[in-house]
Amino acid sequence: MKPPVQTSIEELQRQFPDAVISVRDDGSGGAYVILNPIAIGARYVPTSTWMGFHIPPLYPYADIYPVFIGSDVRRIDGQAFVPPVTHNAAFEGRPAIQVSRRSSAAQQGLQKAATKVLKILDFLEKL
Amino acid sequence: MTNTCQLRFARADYDRLHAHLFPGDHDEHGAVLLAGIAEKDGQPAFLVREIHLAKEGSDYVEGKVGYRALHPSFIHKMITRARDEKLAYLAVHNHHSDLCVGFSHIDLDSHELGYPALLQIARGMPVGALVFGQRSIQSDVWLKDGSRLSLDHARIVGQSVQMLYPSSRTSKDINDDAYERQLRMFGFDGQKRLNECHVAILGLGGIGSLVAELLARLGVGRFTLIDDDVVEVSNLSRIVGADRVDAEHAARKIDVAERVILQANPSTVVVKIADDIAKESVAKTLAATDYLFLAADSMRARLVFNAVVHQYLVPGVQLGSKVRADSEELLLDVMSANRPVRPGSGCLWCNGLIDMSSLAKEAKTEEERKEQAYGVEEPNPSVITLNAIAAAHAVNDFLLDFLELRSDAGIVQYEHFHHLSRKRMLVEPRKDETCPECSSGEGRFARGDGLNLPTLEG
């Protein structure tokens with residue numbers, strides 16, 4: 001695993017101390033990562049789920065995209081998810097909802113995995 | 001001193017140092033350079049990362065033995081910084097010579113006196129001295145194993161690539177009639193420099209194959225060719241030297257390019273790498289080259305190329321062509337691009353030419369791309385004439401700039417040809433002072449072997 005990827009996983013553990021982090025080496029220096037549980041807020045049932053993503057070997061240059069959450073997550077207001085949040089995805093063999101949020105080209109500074117997770121949580125909170 | 005080393009500067013840094021050393025007062029001045037290190041074929045190259053000009057009267061003072069000397073407190077500040085930053089320490093002063101320069105006995109005595117102690121403080125990092133003439137440089141660099149390095153050459157990498165030596169070199173005649181007509185343009189010195197030049201071509205498809213042929217016919221003596229792809233029938237309209245048999249047998253593109261190169265010049269040395277440019281072991285080979293031609297269309301190739309240019313101060317150029325059409329297949333833009341990339345002059349990252357999403361996409365398996373709804377992409381249009389414009393301009397720039405056949409204008413510009421509108425646009429790349437890739441602050445600029453390249457494992 002490339003050092004920046006390893007470091008990002010350590011940062012995720014610090015940022016989300018209550019989550020268990022499972023990691024699978026992708027064989028090229030990146031990693032498939034699942035955080036469980038992650039609180040996604042009172043607008044959803046369940047209020048917490050797992051979150052998974054691929055940290056590419058060229059992280060932090062390469063975006064972490066897309067991000068997946070548990071397939072059982074529903075909006076509490078009964079509305080269906082619409083793109084960029086889509087059903088019928090899978091991640092690491094788990095049925096999943098795909099959240100397709102790219103890091104903007106305007107944010108060309110080097111990203112952090114923990115920041116990406118926080119941005120996804122912020123996006124879900126405002127959805 | 002029997003072993004040698006190289007020195008590399010970005011143009012703006014060299015000009016700043018030169019102006020400090022030779023302000024027109026015919027006096028002696030001093031500075032300290034901190035440099036990254038790269039091993040190149042067993043010969044260290046010192047890559048100038050920081051220039052600390054010594055202030056007259058405080059940092060550069062009257063010497064106890066020689067005429068002038070760096071003040072001990074200035075030396076201490078610099079040597080500890082070199083140690084902490086894992087950079088080589090190089091003290092600089094000037095003599096008023098032009099094309100030939102060397103250390104005086106007083107200089108060398110002072111090195112004997114001072115450098116053993118500086119080596120200890122530097123904890124293994126090289127320490128040494130450089131003496132500058134107006135157009136010459138000599139070194140006396142001390143390594144921890146006790147060896148000392150004189151300068152083979154210094155390279156100033158700007159728009160053009162200036163070479164400096166301890167003394168002027170004379171070239172022998174090159175007895176090859178194949179070059180008789182071009183020798184009339186750039187002479188034996190130029191031909192020799194081409195023959196000694198080591199270029200890397202990243203991607204041997206439509207553009208890279210043209211670049212290979214042009215460089216080989218110019219007489220470039222050493223090539224590293226990198227491409228893991230094979231020839232298909234659909235490539236035959238563009239790949240120079242490829243034929244139906246190559247396509248039927250799925251010949252490697254690097255093998256076709258090698259064949260073309262050796263047809264042009266059988267004495268050329270060709271190193272072939274049939275692997276992903278972004279792999280660590282492949283990317284590291286680029287550090288030892290003299291000029292990079294990026295003719296691959298992946299984002300990760302751009303990322304690695306860009307990093308090598310700035311981390312190792314290797315000049316390069318990114319080449320491409322692009323056709324855009326609307327949904328009715330009406331042509332919107334037909335473009336060729338020739339983007340020189342030079343250390344200290346902006347980079348592909350701070351100009352938004354390395355897309356984070358594309359890097360993420362390239363890291364996925366085919367299955368993942370399908371599952372994640374990336375869809376199936378149609379191949380991009382590609383036409384040999386568009387490629388030829390980019391290749392010819394890039395190789396022509398290489399010729400004129402690498403052989404110093406034109407003055408350095410001081411700015412690097414991207415050259416975009418928009419063929420539908422018949423426009424040639426010159427775009428000055430922006431430079432982000434905090435760019436992680438090209439800046440000297442926290443960036444990889446001139447770090448050499450002291451920093452990992454952004455690569456895949458393998």
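How many disulfides does a search of the whole structure find over all chains? The search finds zero. A disulfide is a covalent bond between the sulfur atoms of two cysteines, and here the term stands for a pair of cysteine sulfur atoms within 2.5 Å.

Before we go on, a word about the model: it is predicted, so local features need pLDDT of at least 70 and side-chain atom pairs count only at pLDDT 80 or more, while totals for chains, interfaces and linings use all residues. Residues are numbered from 1 along each chain as its sequence is written, chains are lettered from A and ligands numbered from 1 in the order in which they are written, and side-chain values use heavy atoms, with hydrogens and water left out.

B:C350 is in no disulfide, and its nearest cysteine sulfur, that of B:C347, lies 3.6 Å away. For B:C438, the closest cysteine sulfur is in B:C350, at 3.6 Å, which is too far for a bond. B:C350 is buried, with a relative accessible area of 6%, and B:C438 is buried too, at 1%. (Buried means under 20% relative accessible area, exposed over 50%, and partly exposed in between, using a 1.4 Å probe and protein chains only.)

Next comes B:T434, which is exposed, with a relative accessible area of 65%. You will find B:T434 in the segment after β18 (423–427) of chain B. B:T434 and B:C350 are 84 residues apart in sequence, and 9.1 Å apart in space from C-alpha to C-alpha. Helices (H or I, at least four residues) and strands (E, at least two) are DSSP runs, numbered from the N terminus.

Let us step back to the domains, whose bounds come from an automatic or database domain assignment. Chain B has domain 1 (4–164) and domain 2 (177–427). Their centres, taken over C-alpha atoms, are separated by 35 Å. The contact between them (heavy atoms within 4.5 Å) takes 16 residues from domain 1 and 22 residues from domain 2.

Finally, who lines the second largest pocket? α3(B) gives the most to its lining, with 10 residues. By class, the lining has 19 nonpolar, nine polar and six charged residues. Ala, Val, Leu, Ile, Met, Phe, Trp, Tyr, Cys and Pro count as nonpolar, Asp, Glu, Lys and Arg as charged, and the others, Gly among them, as polar.
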